[in-house]
Amino acid sequence: MGIKNVPAHQCWEIKASKMKNIKVISIRIVVLVFISLILSNCERNLSGDVEFARFSTNPEVFIDGFSSGLQYFPFQGSKLDAFKVDTEVRYSGSSSMRFDVPNFGDPGGAFAGAIFPDNGGRDLTDYDALTFWAKASQSATINEIGFGSDFGENKFIVTLNNMRISTAWTKYTIPIPDPSRLVVEKGLFWYAEGPENENGYSFWIDELKFEKLGTVAQPRPAINFGQDETMDTFIGTTITIPGLTQTFNLASGQNVTVSAAPSYFTFKSSNVDVARVNENGTITIVGSGTAKITAILAGVRAKGSLTINSVGTFVPAPIPTRNPANVISVFSDAYTNIPVDFYNGFFAPFQTTLGGAVNIGGENVIRYTQLNFVATEFKNPTVNLSQMTHFHVDIQIQEPINPGDFISIELGDFGPNNVFGGGDDSSGRVTFTNTALSSNTWISLDIPLAQFGLASRNNMAQIFFISDATISTLLVDNMYFYK
Amino acid sequence: MNQRNQFNLRIMNRLWLRFSSVCMLVGLLSCSDYEQTVTTMNQLVMQDEFDTNGAPNSAIWGYDIGTGTNGWGNNELQFYTDRKENVTVQNGYLIITARKESYQGSPYTSARLLTKGKFEQAYGRFEARIRLPWGQGMWPAFWMLGADIDTNPWPAAGEIDIMEFRGQEPSTVLGTVHGPGYSAGESISKSYTLKNDRFDTGFHVFGIEWTPKYVNFYVDNVLYNQITPADVPGEWVFNKSFFILINLAVGGSFVGSPNNETVFPQTMLVDYVRVYK
């Protein structure tokens with residue numbers, strides 16, 4: 001990569017942006033900056049002779065011995081002597097790399113694993129894959145094998161997971177997700193493998209090198225495991241996008257998928273006022289609203305996305321402190337909950353309420369929108385509340401409260417026949433009007449069960465929230481009965 | 001592979017290969033400085049450069065529609081249509097698209113174009129510049145059939161496969177002739193494999209030069225096979241008019257079915273078709 005590769009338009013952009021600043025900053029300073037920018041960035045651009053020195057482009061890692069600069073560092077906890085240079089068994093030449101995976105319980109280490117870096121750094125931009133020949137003393141599946149691990153940032157680490165290996169020498173190809181990124185790569189090879197069914201074994205690797213195969217094609221990068229997913233969260237949360245992979249079709253016609261470090265990808269947020277994403281694939285939620293996170297890898301749009309629905313500022317409901325022995329919980333992260341059939345029955349045709357249980361930044365919460373009425377039902381089995389005295393619920397109304405707004409909470413008991421209907425059901429409600437409510441804060445309600453005026457509470461099965469559309473967006477948490 | 005192909009040709013002594021004296025000294029197998037006459041016929045008699053967007057030129061191209069008998073005799077899985085979803089000309093390319101969609105009882109759709117009754121010729125140089133699709137079960141072809149096939153059924157009518165390709169072997173194409181006594185599994189065929197490259201990532205020229213005495217098969221600037229009447233164990237039927245076909249089949253006995261890793265849709269892009277004499 002020489003300076004001549006800097007696109008000319010970048011210089012023009014620098015000039016243009018500096019021109020705008022002339023109005024607000026001392027003209028003299030700006031002119032100096034302007035000139036120095038031209039000198040440092042653009043003027044040298046005109047010379048075709050200027051080239052940065054490249055790091056070593058040596059493609060060899062281990063052919064018949066360590067390539068120049070190559071080192072060996074086993075992982076902590078691994079069997080330290082798992083790796084040897086083997087002059088007896090080899091694919092070609094005079095030696096190969098031999099790896100002895102320990103048996104389960106080996107006091108020397110629980111697994112075999114190491115990195116092979118060249119801390120001088122190599123320029124691997126000319127190559128498209130790491131290749132090697134390998135065989136094993138038995139059929140096995142190597143957990144992780146790849147390159148880019150340097151005991152540092154591992155910025156461009158690549159992992160082939162679950163590589164099948166047999167007793168016959170076979171050539172393997174681990175493609176580079178985007179070779180242009182490997183201008184100075186230290187991690188030339190790494191692996192980690194444990195016993196197979198508690199049994200150790202050996203495998204050999206030979207002719208380990210980077211190659212320009214020319215047949216590594218049809219890139220199909222993916223983020224979030226290739227899935228389009230929507231997630232509810234709130235300001236201040238950070239989310240790391242999982243499932244980053246690159247898939248190529250090889251000369252053999254086989255597809256191979258490797259895990260690729262986030263730095264191979266360029267991430268994009270559709271709304272940086274809601275969510276921002278850095279080069280490590282970490283999303284930070286900064287505002288309320290919706291933002292879709294997508295990515296490209298080497299000019300190819302990655303399959304999969306993460307759509308962030310940020311509810312804005314969110315404070316979890318107060319954590320319940322009552323003794324679990326005195327609680328029958330329907331919905332709370334603090335207790336073991338009874339079996340619940342649903343948090344939204346979508347009762348047609350009169351119900352407009354959408355939503356239900358969601359996970360907001362790791363907190364399980366129920367979030368209803370377009371509320372008119374909604375039921376949580378737990379009839380398998382129904383619950384005997386004869387020993388309980390109160391119903392507790394935390395609610396938060398995420399909109400302004402107007403005169404006439406109300407929330408009713410209704411309990412439904414299925415009666416002695418233990419099923420809906422049959423003439424023995426009873427239900428009753430308690431209503432909170434606008435003066436008893438406030439918006440955007442948790443309201444903790446502790447309602448004596450007697451206030452519901454139920455004929456029976458031995459076969460409880462339903463909890464309703466009713467607003468008749470006066471209140472539209474409602475958060476609910478910590479629904480439980482207690483004594 | 002190129003060199004081995006050429007070496008075989010040299011041994012067979014059927015081609016006019018002109019090697020420089022340096023090459024002769026260095027030896028054939030290590031030789032890269034060779035000259036070889038790939039094509040000799042340069043008088044253009046038909047061309048379609050696919051420069052007009054929309055449906056292909058109906059003066060040149062017709063279509064086979066449907067599934068034929070037993071998937072066009074090969075257990076192919078697609079239903080051929082002439083819909084723009086399967087065949088169109090855009091931006092200078094004929095685009096044949098194989099789609100995974102339930103259509104008229106078939107699980108895939110695609111297209112097969114042919115010049116039958118529109119352009120038929122005996123002898124000449126037939127070539128097309130094509131970027132091929134990829135993936136298990138994709139079977140594109142640029143080929144020819146004897147124009148008398150309606151009255152002289154296959155294989156007696158003769159078939160020249162200028163290019164056939166298996167999506168699961170992205171670097172290899174085949175050139176083949178079929179005739180009476182040497183059809184299907186007994187056809188006369190040879191493959192050509194690119195070194196450090198593949199046919200689905202860029203355009204390549206596939207062609208034949210056909211005279212009364214031989215059919216020469218080439219890819220780009222490499223002549224990789226010659227078939228003469230002496231090579232076929234039956235009647236030489238390549239002495240009459242043939243028409244051209246271009247198609248993208250899905251599945252069938254030649255390639256096997258697509259699997260769950262085959263990506264759809266797949267496209268076959270044809271930059272041009274040219275015929276010389």
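Here are some friendly notes on the two-chain model above, point by point.

1. **Ground rules.** This is a predicted model, in which local features need pLDDT of at least 70, side-chain atom pairs count only at pLDDT 80 or more, and totals for chains, interfaces and linings use all residues. Residues are numbered from 1 along each chain as its sequence is written, while chains are lettered from A and ligands numbered from 1 in the order in which they are written.

2. **Confidence.** Please take care with residues 1-44 of chain A, where pLDDT stays under 50. Where pLDDT is low, the predicted coordinates should not be read in detail.

3. **The sheet in chain A.** Seven strands make an open antiparallel sheet in the order S2-S5-S10-S7-S8-S15-S14. Strands here are DSSP runs of E with at least two residues, numbered from the N terminus, and two of them pair if DSSP finds at least two bridges between them. Strand S2 (73-74) and strand S14 (245-249) of chain A are the edges, each pairing on one side only. Further in, S7 (residues 140-147) and S10 (residues 185-193) of chain A share three bridges, with A:Ile145 partnered by A:Tyr191.

4. Is S14(A) mostly covered or uncovered? Five of its five residues are buried, that is, with 20 or more other C-beta atoms (placed from the backbone) within 10 Å of their own. One side carries A:Thr245, A:Thr247 and A:Asn249, the other A:Gln246 and A:Phe248. Five antiparallel bridges join S14(A) to S15 (residues 255-260) of chain A, and A:Asn249 stands opposite A:Asn255. The two strands form a hairpin with five residues between them, where A:Gly253 in the turn has a positive phi of about 85°.

5. **Where the chains meet.** Nine residues of chain A are in contact with twelve of chain B, contact meaning C-beta atoms, placed from the backbone, within 7 Å.

How values were computed:
Two residues are in contact if their C-beta atoms, placed from the backbone, lie within 7 Å. Helices (H or I, at least four residues) and strands (E, at least two) are DSSP runs, numbered from the N terminus. pLDDT is the predictor's confidence in each residue, from 0 to 100. A residue is buried if 20 or more other C-beta atoms lie within 10 Å of its own, exposed if 12 or fewer, and partly exposed in between; C-beta atoms are placed from the backbone.
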